[in-house]
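Here is a short briefing on charged side-chain pairs. Look at the model first, then read on.

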Amino acid sequence: MAMGGGRQKIASMVPHLVKTLRKQPPSPTTTNHTLPSLRRTFSLYDQINLIDTVPDDQLRFQGYSDTGFTINGTKYEGSLLIVENKIMTWAPKKFSDITPQSLSIFQVVRPVPEILILGCGRNIFPVDPELRRFIRSTGMKLEAVDSRNASSTYNILNEEGRHVAAALLPYGVES
């Protein structure tokens with residue numbers, strides 16, 4: 001099966017792109033980290049699909065550091081709570097500060113998000129059974145991961161149009 005001129009040109013560029021990316025090793029001393037673009041996908045037909053813009057009303061994590069996050073071009077320091085595409089500062093400074101009280105907003109928010117992504121900081125910690133019961137009682141599912149993966153997961157689910165919330169500690173938090 002012959003590919004069209006555009007597809008053939010794109011397919012021929014992929015090996016060069018991969019080679020170029022391999023020549024650029026990541027810098028381990030950098031404290032600001034950029035999240036990969038989620039706007040690029042590869043189909044089964046070696047076709048590259050690009051979506052150029054993020055809707056104005058949609059939040060997108062673009063990076064993270066040990067002390068905060070970059071969202072839609074703005075740097076935020078400290079812990080964040082994101083509900084209905086709104087960014088709020090969040091009181092917990094360490095994982096043990098995350099309690100049903102710190103997430104009590106979910107008792108009044110309507111509609112209730114289908115999933116809460118909990119960014120635990122640098123590491124993943126076991127979630128207290130009381131906190132799990134509280135989150136379940138609101139009707140949400142819980143995904144507890146490190147804050148870097150929480151940011152990326154939020155981006156993916158939000159771009160899919162899912163009703164998602166995020167509660168994130170900065171990546172530098174280790175306990």
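Is Arg60 buried or exposed? Arg60 is buried, at 10% relative accessibility; the cut-offs are under 20% relative accessible area for buried, over 50% for exposed, and partly exposed in between (1.4 Å probe, protein chains only).

This is a predicted model: local features need pLDDT of at least 70, side-chain atom pairs count only at pLDDT 80 or more, and totals for chains, interfaces and linings use all residues. Residues are numbered from 1 along each chain as its sequence is written, and side-chain values use heavy atoms, with hydrogens and water left out.

**Salt bridges overall**
- A salt bridge here is a side-chain nitrogen of Lys or Arg within 4 Å of a carboxyl oxygen of Asp or Glu.
- The count by this rule is six salt bridges.

**Glu159 and Arg60**
- Glu159 pairs with Arg60 in a salt bridge, with the closest N and O atoms 3.7 Å apart.
- This pair links distant parts of the chain, 99 residues apart: Glu159 lies in helix α3 (residues 147–159), Arg60 in the loop between β3 (48–50) and β4 (61–64).
- Helices (H or I, at least four residues) and strands (E, at least two) are DSSP runs, numbered from the N terminus.
- Glu159 is partly exposed, at 24% relative accessible area.

**Arg122 and Asp66**
- A salt bridge joins Arg122 to Asp66, the closest N and O atoms being 3.0 Å apart.
- Arg122 is partly exposed at 27%, and Asp66 is partly exposed at 32%.
- Asp66, Arg122 and Glu174 form a network of salt bridges.

**Asp146 and Arg148**
- Their side chains meet in a salt bridge at 3.9 Å, N to O.
- Asp146 is buried at 9% relative accessibility, whereas Arg148 is partly exposed at 34%.
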